[in-house]
Amino acid sequence: MMHRRSFLSGILTTAALPACANAPETSARPVLKPDDILARSAAAAERLVASANLGGDVSAVVADARTGEILETYNPIRALPPASVTKAVTALYAIETLGAEHRFSTRLVATGPISNGRLEGDLVLVGGGDPSLDTDGLHNLAASAKAAGLREVTGRFLVSSGALPTIERIDRSQPEHVGYNPAVSGLNLNFNRVHFSWERGGNGYRTTMDARTGRFRPDVTTSTMRIADRSMPVYTYDTRGSVDAWTVARGQLGGSGSRWLPVRNPALYAGDVMRTMLRSEGIVVPAAERMTGLPAGQTIATETGAALNRVARSMLRYSTNLTAEVIGLSASAQRGLDRATLDASGDLMTRWLGQRASVTRADFDDHSGLNGTTRLSGIGMVKMLTAPRAEGILRPILKEITIEGTQANIPIQAKTGTLNFVSGLGGYFNASSGRPLAFATFCADTRRRAGLSVSERERPQGGRAWGRRARSLQFDLIERWWAVHA
């Protein structure tokens, strides 16, 4: 019978964590042969896995977080899709490469002189890759430009997104309309999503496509929506020049509602909204045009994002795929990557993890885990979590969760991961004695996942029930480890 389990989200007190969060500079972990690791499996854990009746594979490992001593395993070297647990690896990769205080900036650059408020040249919106840039930030840039004396632009309005490669979507196997699979570029706005809303009136539906935040709701012209007289498919997508052209099935709308849709032309989307924000400050510019490279000129306004440590913490809490890809690509660029693809950047992170934590059998195809072809084993994840200094960086920024168990409520600091017929969980918790433990559990039925058609991927039959059983297994394992590895 499945135990009742629930996530109790909230801010945990620091008393739930060990007094010192930093791992030693040199690890005291024993060197284990593969046969030794495979032998450290408990019959009780095997029974839990069997009773979950998941099909597919499970890889589970728990270790002492400070020494790296492997305490218990189940199928530890089996490489499985880690889903969004990948983001914990990406967070460590980016922070160690760029620095915890690294900040992304977005600028307005004037390519000519400004005299009496008149810019004799072009105005350029230059993206620095900031994954947290929103419409409010563009308004701040417009206000700063006005404060700097800008009133009129005689030249063009350009957008530069070359700080990072432009990638049309993170994973091509995902449904077209899902907002968590947007484009990635050096200029990203509102997580590269546009807000579609509809409301039925006397003469049909009123629709809007806007770049809303809490303060602003500017309409956009780079994404359009047409209502089509059909029942299915719900959405269709086409590219018309530089415009994302969507249709939606009238039979699926109901009375009113809204949804975030992905943006495929992020630079022009940001330029479209920036133009509106400038106009709100009395600065009129023409429609945005793309430019290649970086402009030469004077920076007249800068919007700087939060420190990377905070960006990563938000990413781990809300599992934002765009953020993971941006910080991963930025770290790879810092390390000299000259091939502008997610796969190449994922390969570089794979090699880094092998050097950083002696992890083998890993294969990252992106930085978010959205791509189901990425692979990582339970032992690989735990080696990363117990590598020198990793706990001190990751544990404070992982999502704080409480598992409501049958013996006790167990606080954990972890990252979850979910795809169709894939469920992952990895992070840290303290055993009943206070002993700090690191763990990973990956569950995946890759054959069942591969058999899904495109139309089935958003709500596959049996997917929710499978996910509940997988999560219950993960919680049962944690509760067992909490009790027996004190």
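## Salt bridges and cores: a tour

Start by selecting glutamate 96, which is partly exposed, with a relative accessible area of 27%. Here, buried means under 20% relative accessible area, exposed means over 50%, and partly exposed lies in between (1.4 Å probe, protein chains only).

Some ground rules before moving on. This is a predicted model, in which local features need pLDDT of at least 70 and side-chain atom pairs count only at pLDDT 80 or more, while totals for chains, interfaces and linings use all residues. Residues are numbered from 1 along each chain as its sequence is written, and side-chain values use heavy atoms, with hydrogens and water left out.

**Stop 1: the partner of glutamate 96.** A salt bridge is a side-chain nitrogen of Lys or Arg within 4 Å of a carboxyl oxygen of Asp or Glu. Arginine 356 sits in helix H8 (residues 342-357) and glutamate 96 in helix H3, so the pair ties together parts 260 residues apart in sequence. Helices (H or I, at least four residues) and strands (E, at least two) are DSSP runs, numbered from the N terminus. Arginine 356 counts as buried, at 16% relative accessibility.

**Stop 2: the largest core.** Now show the largest nonpolar core, with 59 residues. Such a core is a set of buried Ala, Val, Leu, Ile, Met, Phe, Trp, Tyr and Cys residues joined through side-chain atoms within 4.5 Å. Val89, Leu353, Leu376, Met381, Met384 and Leu394 touch the most other members. Helix H3 (residues 86-98) gives this core its largest share, eight residues. What does leucine 353 touch, not counting residues up to four places away in sequence? Its contacts (heavy atoms within 4.5 Å) are Val89, Ser358, Val359, Ala362, Phe364, Leu376 and Met384. Next, pick Leu108, Leu125, Leu268 and Ala301, which are among the 46 residues of a second, separate core.

**Stop 3: lysine 146.** Select lysine 146 and glutamate 281, a salt bridge with its closest N and O atoms 3.9 Å apart. Lysine 146 is in helix H4 (residues 135-147), and glutamate 281 is in the loop between helix H5 (266-280) and strand E15 (289-291), so the pair links parts 135 residues apart in sequence. Lysine 146 is partly exposed at 34%; glutamate 281 is buried at 17%.

Stop 4: Glutamate 391 bridges to arginine 395, the closest N and O atoms being 3.1 Å apart. Both glutamate 391 and arginine 395 are buried. The whole structure holds 19 salt bridges.
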